[in-house]
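Open the model in your viewer and switch to a cartoon view. Keep the sequence panel at hand, and select each stop as it comes up.

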Amino acid sequence: MEALGRKGELAQISKEFSKLPPEERARLGKLLNDVKQTLEENWSVRNGEMESSALNARLEAEWVDLTAPAPGVRPGSLHPVTQVQRELEELFVSLGFTVLDGPEVETEYYNFDALNIPADHPARDMQDTFWLKDGRLLRTHTSPVQVRGLEKLGPPLKMIAPGRVFRNEEVDPSHEHTFYQLEGMIVDRDVSIAHMLYFMTTLLSAIFRRDVTVRLRPGFFPFVEPGFELDIHCLICGGAGCPVCKQSGWVELMPCGLVHPAVLRFGGADPEEWNGFAFGLGLTRLAMMRYGIDDIRLFTSGDLRFLRQF
Ligand code: FA5
């Protein structure tokens with residue numbers, strides 16, 4: 001453009017033509033016009049090329065796929081404890097169990113008295129309780145549903161009751177103040193410890209889809225007699241010792257025992273005719289073992305990086 005404009009270099013040259021003789025002026029004038037025409041043609045071709053390549057670059061950069069799903073809220077997923085709970089509910093329903101629910105704000109009667117733990121019994125201290133001002137409490141375990149279930153449905157009975165429980169507890173890698181349990185109970189005629197053991201082993205291999213090593217220790221709970229603690233070999237460290245199993249290699253998972261006659265009586269069932277077994281599975285601990293999670297506090301941390309993995 002420096003050459004071609006009205007004040008460009010070619011225009012300057014043509015001004016000089018007046019000084020030339022006429023025949024030279026005509027010859028050089030034609031030559032100058034030819035040069036000008038060629039330059040103009042070249043410029044217009046090049047300009048067109050530059051414009052179309054700029055347009056192409058924009059089209060490439062601003063291309064939108066109208067068929068792609070719109071970006072928006074990421075799809076959510078079920079909490080790992082909920083997933084384990086639903087899986088177990090399906091399993092138990094397939095075994096003929098009824099799934100029951102109980103209140104999280106519970107009465108002292110169902111949480112303690114009806115489970116053979118009277119007010120002055122030292123076993124009350126085993127579960128640090130959040131008491132409400134009106135005398136009720138946040139249930140410390142799912143066992144109250146044993147008596148509620150018996151009252152409502154009567155024997156024979158096969159029930160589970162998964163749910164949230166609360167304890168005023170020191171929090172560490174394997175203890176939370178808010179966690180999940182799954183209560184289970186069978187009440188029928190002539191139920192024995194052999195039935196209970198067979199049932200527990202079947203249950204655990206279905207949950208873990210592999211053989212797990214378990215051990216049974218005597219355990220004291222006033223609502224069962226005899227009572228046991230069922231521990232499993234820690235699946236986080238394989239038994240070598242870690243913070244989850246407190247370096248012992250074993251994780252307390254499922255206390256159990258034969259239902260105490262007093263509890264049957266509180267539930268309205270005659271202990272001369274009926275008996276049964278009950279267990280209290282630590283559902284949150286089970287989810288830890290299942291997914292190899294080494295700190296229970298992650299479940300309620302609300303950390304999306306943790307939750308998105310499930
Ligand atoms: C009970 O709560 C009894 N109700 C269980 C029971 C039911 C015994 C029926 C006999 C018959 P325990 O306090 O041990 O027992 O708790 C049961 C399970 O809950 C434990 O094995 C453990 O897996 C889990 N658990 C207990 N405390 C915590 C906690 N603070 N955080 C996470 N899990 C816990």
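Start at P218. This is a predicted model, and in it P218 stands opposite F228 of strand β7. Select the two strands around that pair. β6 covers residues 214-218, and β7 covers residues 224-233. β6 and β7 pair in the antiparallel sense, over five bridges.

Now widen the selection to the sheet. Seven strands form it, and the sheet is open. Walk across in the order β1-β4-β5-β9-β8-β7-β6. The pairing is mixed along the way. Which strands are the edge strands? They are β1, residues 98-99, and β6; each pairs on one side only.

Step back from α6 into the loop that links it to β5 (178-188). Select D190 there. Its phi is near 55°, a positive value in a residue other than glycine. Is D190 buried or exposed? D190 counts as exposed because its relative accessibility is 69%, and the cut-off for exposed is over 50%.

A second stop of this kind is K246, in the loop between β7 and β8. Phi of K246 is near 50°, again positive in a residue other than glycine. K246 has a relative accessible area of 52%, so K246 is exposed too.

Now the cis peptide bonds. Go back to β7 and select E225 and P226. A cis peptide bond joins E225 and P226, with omega about -5°. P226 lies in strand β7 itself. Then select P155 and P156. A cis peptide bond joins these two prolines, and omega is about -5°. P156 sits in the loop between α5 (144-153) and β4 (157-166).

Finish inside the protein. How many cavities of 30 Å³ or more does the structure hold? It holds one. The largest cavity has a volume of about 40 Å³. To see its lining, select I117, A123, M126, Q127, F221, P222 and F223. Colour those residues by class. Six are nonpolar, one is polar and none is charged.

Methods
Residues are numbered from 1 along each chain as its sequence is written. This is a predicted model: local features need pLDDT of at least 70, side-chain atom pairs count only at pLDDT 80 or more; totals for chains, interfaces and linings use all residues. Side-chain values use heavy atoms; hydrogens and water are left out. Two strands pair if DSSP finds at least two bridges between them. Helices (H or I, at least four residues) and strands (E, at least two) are DSSP runs, numbered from the N terminus. On a 1 Å grid over the protein atoms alone, a cavity is a set of points where a 1.4 Å probe fits but cannot get out, and a pocket is an open set with protein on both sides within 12 Å along at least five of seven lines; lining residues have an atom within 4 Å of a point. Grid points are joined across faces, edges and corners, and a volume is the space filled by probe spheres set on the points. Ala, Val, Leu, Ile, Met, Phe, Trp, Tyr, Cys and Pro count as nonpolar, Asp, Glu, Lys and Arg as charged, and the others, Gly among them, as polar. Buried means under 20% relative accessible area, exposed over 50%, partly exposed in between (1.4 Å probe, protein chains only).
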